Amino acid sequence: MSHDGNGVALAQEAPGTPRSPGFWKRFSTMHRDALLATVILLPMIAFWLLVSGFPTLFGFVLGFFRWIGIADQPKFIGLDNFVHFFKDPTYTNALWRSIWLGGLVTCITLLSGFGAALLMNLPLWGKGFYRSIWYIPAVTSTVATTQIFNIFLDTNNGVINNILKSLGKEPIVWQYSVGWGIFWIVVYSAWKGVGAAALLWLAGLQSVDQSLYEAASMDGAGSLGKLRHVTIPGLKPIATYIFITSLISAIQIYEQVLFITNGGPYGKTEVLVFRIYRDGFWDFNLGMAGASSLIMAIIVIVITVFYYSWSTSSDRKTTIPLKKPGRGV
Amino acid sequence: MSASQSASARRARFKPAHLLGHAVLPLVGLVLMYPLVFMVMAGFFTKQEFMATVIHAFPIPKEPTLRNFRALFEGTTDAAVAEYFRNSLLRTVYTTFWAILTSFLGGYVFARLRFKGRDQLFLLLLATQMIPMTIAIIPTYLEFARFPFMGGNDIFTGGKGILDTWWVYLIGGPAINIMGTFLVKQSLEKVPIELDEAAKVDGAGTLRLLFQILFPLQLPIMAFISITTALNVWNDFVTPFFYTNSDHLQTLPSAITRLSSVGAGPGASANYPLIITLSLGITIPALLIFFFFQKYIVQGLANTGIKG
């Protein structure tokens, strides 16, 4: 592209303030936008390709190679990595665990967040303060707060075991138990996510047409009746959005797994994204890391595409009838 | 919620729900705050006392000390802690600056300029946001390691590339911030284009239009973009932990990662007092940012989350 010369001319034109309606006006109607866009976007997109676009594409390609250890020569093996993925139970279990753990975390945070949002939506004194307090875990660093959880869960001098001991009970070695490992991962994720879920629900609740509530009370609906007949149907499109975005991020949870159980015991708490890390950075099995990432990406893309086709086809069904009973605001 | 709406809500709802709200919201709020309260309390312990005490739910030190808090700025307990803090801060400021600039310019281009393929290009960029970023971590490592002509590399090999240098933090700066661009684009589309035209008639050039007229109108969304970017970078352990190794390049999160079982190996006895110091160093500034700017977070979340 030979836009550079013109780009410079544009840059000189920009700060000045002459009114030259003749040439520039004609020129600007034709090319100015494209040139300015090129000048602005080209460097930004070049850097984006460098740190994001190219590595992502490279990651997809990696899945089709055998590449173990950085010093190794990559060898094209077609779909072998993907075949291995579905034959090796440690991978399929990790994938399955990602899905149900993600689903569980999503359900717990969204349900409790919904309850909280209903309460925060009441005209209570101090509700803004409660909202802030609930949201705080979301802004803390996972690395830092998982370490606090680890102090609670320490075998020898952990807070919970010290309490158990003072009650005369046997201390629990949390790290030896799959169930406890999963339990604490879920507790941590819920702790961190509930405030953000409440905020999202709150925004959703406030977007429900308020005149419907008045209509409902005139029809004699009580609080529960309004919840059932106004709030829940009114939230449907937003609820789907919140559920899908939460699910997509929850099936990619790995930091709390890394810091709380580190995948143990015996890899029984591994989730797929955690496994990608383990393959990539500890075992240097770059091909399998790439193949697993591609599978994760496909799952996320499939969920997203399903959601978009669903929401565009059902928007008319759920949102437009809602407006009808409302009296014009 | 407007005044009339909340007034009607007050009239319409009955008391038991309010009672429940006044009971549940503060109680669960306290439970949610508890790990942070514990963190602050533990921060007053000396290393020796923390290791020697049987830690209970609300640990109270016999000889409270401010050493851990001071260490973040002065490095009294561990010279490196102040350095990690500084690195975290520099990296956050740098990345946030670029996020503001690229989001704003990108938003302007896609909202205001008309050129062939604009909408397709934007959709393509937006679509890449659904790809999980974990896929890029290992390729990024390889790319950094093979970066041409850097760190002793000939074209691709021979040295360590830009791994373990400041470039790891710097290189991503000018890259377009796609979510930010999306938000600014949406927000700019609500500003009537007549404003641009009027400014041009008054003789304002493109730069003046951008930074003196349009930018001030975008401050709320820019605030949201900067806060979320700043918190993300401030809390990020991936980049420093995986792409750097030298001590002088570590940030607070990567320093904790190295001290944890992830970095030190399973079974290693963790240096909890130092971990708590670092955790406080990460958490307190994040909370301060949150409390000062929470208005924008709430607004912005509503904008991003609830898009019809």
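Across the interface of chain A and chain B, 10 residue pairs are in polar contact, both partners having pLDDT 80 or more; a polar contact is a pair of N or O atoms within 3.5 Å, where within protein one must be able to donate a hydrogen and the other to accept it, and residues adjacent in sequence count only if both atoms are side-chain atoms. The largest share of the side of chain A that touches chain B, 21 residues, comes from helix 2 (residues 23-62) of chain A. Helices (H or I, at least four residues) and strands (E, at least two) are DSSP runs, numbered from the N terminus. By class, this side of chain A has 64 nonpolar, 25 polar and 8 charged residues, with Ala, Val, Leu, Ile, Met, Phe, Trp, Tyr, Cys and Pro counted as nonpolar, Asp, Glu, Lys and Arg as charged, and the others, Gly among them, as polar.

The model is predicted: local features need pLDDT of at least 70, side-chain atom pairs count only at pLDDT 80 or more, and totals for chains, interfaces and linings use all residues. Residues are numbered from 1 along each chain as its sequence is written, chains are lettered from A and ligands numbered from 1 in the order in which they are written, and side-chain values use heavy atoms, with hydrogens and water left out.

The interface can also be described by its residues and its area. Chain A contributes 97 residues to the contact and chain B contributes 104 residues, contact meaning heavy atoms within 4.5 Å. About 8800 Å² is buried between the two chains, and carbon and sulfur atoms give 76% of it; buried area is the accessible area (1.4 Å probe) that two parts lose on being put together, summed over both. Met44(A), Trp48(A) and Phe281(A) supply 7% of the area that chain A buries against chain B, more than any other three residues.

Turning to the chains themselves, chain B has 16 helices and 0 strands. Of its 308 residues, 52% are buried, where buried means under 20% relative accessible area, exposed over 50%, and partly exposed in between (1.4 Å probe, protein chains only). Among the contacts in chain B with a separation of 6 or more, 62% are between residues 24 or more positions apart. An unreviewed UniProt entry lists "transmembrane region" at several spans of chain B, including residues 166-184 and 272-293; such positions are given in the numbering used here, feature names are shortened, and annotations may be inferred rather than shown by experiment. Residues 166-184 of chain B are 58% helix and 0% strand, with end C-alpha atoms 30 Å apart, while residues 272-293 of chain B are 100% helix and 0% strand, with end C-alpha atoms 31 Å apart. For chain A, the spans that UniProt gives under the feature "transmembrane region" (unreviewed entry) include residues 34-65 and 281-308. Residues 34-65 of chain A are 91% helix and 3% strand, and their end C-alpha atoms lie 40 Å apart.

Salt bridges do occur elsewhere, and the structure holds 9 of them over all chains. In chain A, Glu270(A), Arg275(A), Arg278(A), Asp279(A) and Asp283(A) are linked in a network. In chain B, Arg91(B) forms a salt bridge with Asp236(B), with the closest N and O atoms 3.0 Å apart. Arg91(B) lies in helix 5 (residues 79-112) of chain B and Asp236(B) in the loop between helix 12 (219-235) and helix 13 (238-243), so the pair ties together parts that are 145 residues apart in sequence. Both Arg91(B) and Asp236(B) are buried.

Asp196(B), in helix 10 (residues 194-201) of chain B, has a relative accessible area of 5%, and its side chain makes a polar contact of 2.8 Å with that of Arg112(B). Asn150(A), in helix 6 (residues 142-153) of chain A, is buried with a relative accessible area of 12%. Leaving aside neighbours within four places in sequence, Asn150(A) is in contact with Phe259(A), Ile260(A) and Tyr272(B).

Conventions: Salt bridge = Lys/Arg side-chain N within 4 Å of Asp/Glu carboxyl O.
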